[in-house]
Amino acid sequence: MAAAPPEQIVVRDIPLLVELHLAPFFHLAVVVDAPIEERLRRLTEARGMNREDALARIDAQASDEQRRAAADIWLDNSGSPEELRDRARRLWAERLEPFNAGLLTGERLAGPAYELVPHNPAWPVQAERLINRIRVAAGEKAIRVDHIGSTSVPGLIAKDVIDLQLTVASLEVADELAAPLANAGFVRLDHIDHDDPQGAALASGEAPDQWRKRFHTSADPGRQANLHLRVEGWPNQRFALLFRDWLRGNPAVADEYARLKQRAEARARETDDPADGYYEVKEPWFAAAYPRALAWAERTGWRP
């Protein structure tokens, strides 16, 4: 693999990928699956195994639940070899080649429309796969990696983009991680380098420069994700975690936020610049939500 040119897509066939917990070391994990009865038929007919031995071999492997948790892509192999080849060709053209192109150019994928979708129970599982890759790429420089944003709140509608936060000791450390994270599939966007400080935060004396960050985005067209690198203890790092936990712990506030998002979505459709329309509606609410969340943290003894 080391001898392959940098622009080449390399596919590794690893029978014990899941059992050896190797998926986080690769950009994508593809699991090729067939129903258990079909696997048994192939083992007994094609390899001459008796049913008991074939079943024992399957039972010794990772469970379907474990394999699904590790798999970015689940390829159905219940049909003919020709059908599997067709699925593999589509995967190559529609996901692997665009992913590779994004890694090579460092360009951001076209952002999703400002379209809200119902909560997807798979979001936390998908986030965990990405978090595991980030931990491998960042190593000891990662203080913590968290699933944040609307996709991290059970039941909440959201854009189909997973937000993650990598907490680091300093922005200098974040800069040192630019290349390792890009190699892991998260390209850096230099023009996004801060969050908007909330008015209440500035009024309370928080330093505006402590709302700076570094921002990466996934080059994978099949799973859009944003990665925010923020400094431990800075207000933007704490607020990302506080806001998530505040919504998780207060269903009425989560419902209020969902209604706001729906109004913002409608406004985005009405404006020439959907992003401006979307955030035009959301920002005033966030300005008021910041002190509310802080008050909740004080009452409950919340800690990040």
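**Figure 1. Residue H21 in the predicted model, an exposed position ahead of the β1 strand.** In this predicted model, H21 has a relative accessible area of 62%, and it is counted as exposed because that value lies over 50%. The residue is placed in the segment before β1, the strand that covers residues 30-33. The backbone at H21 has a phi near 55°, which is a positive value in a residue other than glycine.

**Figure 2. Residue R108 in the loop between helices α4 and α5.** R108 belongs to the loop that lies between α4, residues 81-105, and α5, residues 123-138. With a relative accessible area of 42%, R108 is partly exposed, because this value falls between the 20% under which a residue is buried and the 50% over which it is exposed. When its neighbours within four places in sequence are left aside, the residues in contact with R108 are L189, I192, F215, T217 and N226. A separate pair distance can be read from the C-alpha atoms of R108 and E7, which are 18 Å apart in space, while the two residues are 101 residues apart in sequence.

**Figure 3. The crossing of helices α9 and α10.** Helix α9, formed by residues 235-249, and helix α10, formed by residues 251-270, have axes that come within 5 Å and cross at roughly 110°. The two helices are therefore roughly perpendicular to one another. On the α9 side the contact is made by F243, W246, L247 and G249, and on the α10 side by P251, V253, A254 and Y257.

**Figure 4. The protein chain as the setting for the close-up views.** The secondary structure of the chain comprises 11 helices and seven strands, and the C-alpha trace spans about 75 × 45 × 40 Å along its principal axes. Of the 304 residues in the protein chain, 42% count as buried, and the chain exposes about 16,300 Å², of which carbon and sulfur atoms supply 52%. Among the contacts between residues at least 6 apart in sequence, 69% join residues that are at least 24 apart. The chain carries 39 positive and 48 negative side chains, and the centres of these two sets lie 2 Å apart.

Technical notes:
Residues are numbered from 1 along each chain as its sequence is written. This is a predicted model: local features need pLDDT of at least 70, side-chain atom pairs count only at pLDDT 80 or more; totals for chains, interfaces and linings use all residues. Side-chain values use heavy atoms; hydrogens and water are left out. Helices (H or I, at least four residues) and strands (E, at least two) are DSSP runs, numbered from the N terminus. Buried means under 20% relative accessible area, exposed over 50%, partly exposed in between (1.4 Å probe, protein chains only). Contact means heavy atoms within 4.5 Å. Accessible areas come from the Shrake-Rupley method with a 1.4 Å probe; for residues, only the protein chains shown count as cover. Lys and Arg count as positive and Asp and Glu as negative; His and the chain ends are not counted. The place of a charge is taken as NZ of Lys, CZ of Arg, CG of Asp or CD of Glu. Axes are lines fitted to C-alpha atoms, for helices over the stretch in contact, and angles run from 0 to 180 degrees between N-to-C directions. Angles under 35 degrees count as roughly parallel, over 145 as roughly antiparallel, 65 to 115 as roughly perpendicular and the rest as oblique.
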